[in-house]
Amino acid sequence: MSDVLSQSEIDQLLNAINSGTVEAVEEDTGPATKVRDYDFRTANRFSKEQIRTLNIIYDNFCGHFTTYLSGTLRAMCEVTVVSVEEQKYLEFTNSLPSPVILAIVSMPPLEGSTLLTVSPGIAYSMINRLLGGVDSTQDDTRNFTEIELVIVERLVRQFMRQLNESWEKVLKVNASLDRIETSQQFAQIVALNETIAIITLNVSVGGVEGLMNFCIPHLAIEPVSKLLNTKLLFSGGMDSNKRREPADKDIRARINNTSLPVSAVFNETTATVREVINLQIGDVIQLDHKVKDSLTVKVGHLPKFQATLGVKNNKYAVRIIDMIREDDESDE
């Protein structure tokens, strides 16, 4: 039987429906499709490329931060990226527990301030480890003491270096901690309706796990948004070839301009503790150094030259007469 009805069959079917002899059967379309309301005021301001680049940057940070925490806290630590997503600043602050560690961080050339949050559980675990304790259950609802906040502040200041290193391939930033707060009403870095990128990290210290969040406003990265590109990230930046060419010259120039302490040292002498304690102004210490003996010139803590003592422009001076080689030191 053909699935296509003729015009006469269609007319008969319509007449039957109108007369009531045949009931119209509604087609079963299955379960209703859920439709999500879309608010055009919340259009995505971070592109997928920027979100992907932030994910790579902070995944790199996790590796550096894991090594730093393990060495500092003397415990097995692991830091991983959980998610990188876009939110309104109001939604983010409403989801924060109380109390919570809120670190306001400046990251020039990024505009304004960024925010770092540390959950109470992981903050107390870090404090316990730094003070020589072990992991223990803490009351996450109690407020942090002044001493605990000072310890956390010093810890945050120290791992700013890892944050700089993680951004280095994309952009040279100079992250620094401005202040520590425990209430979100004193840590409002942007307007409540401003769009922000939330990088959520899972931090494990010993047997305790907690979350850290990096909050980066869109206004902060807007001046450097073109640099948040994975192609530039893996190629080492826009001017990577130009930077590689003069690298040797830059390193040589920095080495040549590096300051080193140089000191001329007499032969050592010995004295008893009683003699040292009884020294008075005007006392003379007899050195085990003859007038004709040469002085040892040290560069840093290493002996490098032999010299004689003299005067130049009414100031004591030394004249280099010989070089101390490593073979000579080993023979001694």
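Figure 1. Residues are numbered from 1 along each chain as its sequence is written, and side-chain values use heavy atoms, with hydrogens and water left out. Because the model is predicted, local features need pLDDT of at least 70 and side-chain atom pairs count only at pLDDT 80 or more, whereas totals for chains, interfaces and linings use all residues.

Figure 2. Helices (H or I, at least four residues) and strands (E, at least two) are DSSP runs, numbered from the N terminus, and the protein has 12 helices and 10 strands. Eight of the 11 residues of α4 are buried, so this helix is largely enclosed by the rest of the structure. The buried residues are Pro120, Ile122, Ala123, Tyr124, Ser125, Met126, Ile127 and Asn128, and they pack against α2, β2 (101-106), β3, α5, β5 (195-205) and β6 (208-217). After α4 comes Gly132, whose phi is positive, near 90 degrees.

Figure 3. Rings of Phe, Tyr and Trp (its six-membered ring) pair if their centres lie within 6.5 Å, and planes under 30 degrees apart count as stacked, over 60 as edge-to-face and the rest as tilted. By this rule there are nine aromatic pairs. In one of them, the rings of Phe65 and Phe159 have centres 4.6 Å apart and planes at 55 degrees, so the pair is tilted. Phe65 lies in helix α2 (residues 48-73) and Phe159 in the loop between α5 (146-158) and α6 (160-167), so this pair ties together parts that are 94 residues apart in sequence. Phe65 counts as buried at 0% relative accessibility, and Phe159 counts as buried at 3%. Tyr124 and Phe144 form a stacked pair, with 4.7 Å from centre to centre and 20 degrees between the planes. That pair links distant parts of the chain, with Tyr124 in helix α4 (residues 120-130) and Phe144 in the loop between α4 and α5, 20 residues apart. A single aromatic cluster is formed by Tyr58, Phe61, Phe65, Tyr68, Phe159, Trp167 and Phe214.

**Figure 4. The nonpolar cores.** In soluble globular proteins, nonpolar side chains tend to be buried together. A nonpolar core is a set of buried Ala, Val, Leu, Ile, Met, Phe, Trp, Tyr and Cys residues joined through side-chain atoms within 4.5 Å. The largest such core has 56 residues, and Tyr58, Leu110 and Trp167 are those with the most contacts inside it. Helix α2 gives the most to this core, with 10 residues. Contact means heavy atoms within 4.5 Å, and Trp167, leaving aside its neighbours within four places in sequence, is in contact with Leu54, Ile57, Tyr58, Met107, Leu110, Lys172, Val173, Ile216 and Leu228. A second, separate core of 13 residues includes Leu102, Leu115, Ala187 and Ile189.

Figure 5. Thr114 is placed in strand β3 (residues 113-118) and is buried, with a relative accessible area of 5%. Not counting residues up to four places away in sequence, Thr114 touches Ala103, Ile104, Val105, Met107, Ile189, Cys215, Ile216 and Pro217. Leu171 lies in the loop between α6 and β4 (176-181) and counts as buried at 12% relative accessibility. Leaving aside its neighbours within four places in sequence, Leu171 is in contact with Pro109, Leu110, Val224 and Leu227. Leu171 and Leu227 are 56 residues apart in sequence and 7.3 Å apart in space, C-alpha to C-alpha.

**Figure 6. A nonpolar patch on the surface.** Phe266, Val276, Leu279, Ile285, Leu287, Leu309, Val311, Tyr316 and Val318 form a nonpolar surface patch, with about 890 Å² of accessible area together. The elements that give two or more residues to this patch are β9 (302-312) and β10 (315-323). Patches are made of residues with over 30% relative accessible area and no salt bridge, with like charges joined within 9 Å and nonpolar side chains (Val, Leu, Ile, Met, Phe, Trp, Tyr) within 5 Å. A salt bridge is a side-chain nitrogen of Lys or Arg within 4 Å of a carboxyl oxygen of Asp or Glu, and accessible areas come from the Shrake-Rupley method with a 1.4 Å probe, for which only the protein chains shown count as cover for residues. Val276 lies in helix α11 (residues 273-277) and is partly exposed, with a relative accessible area of 48%.

Definitions and conventions. Buried < 20%, exposed > 50% of the residue type's maximum accessible area, 1.4 Å probe, protein only.
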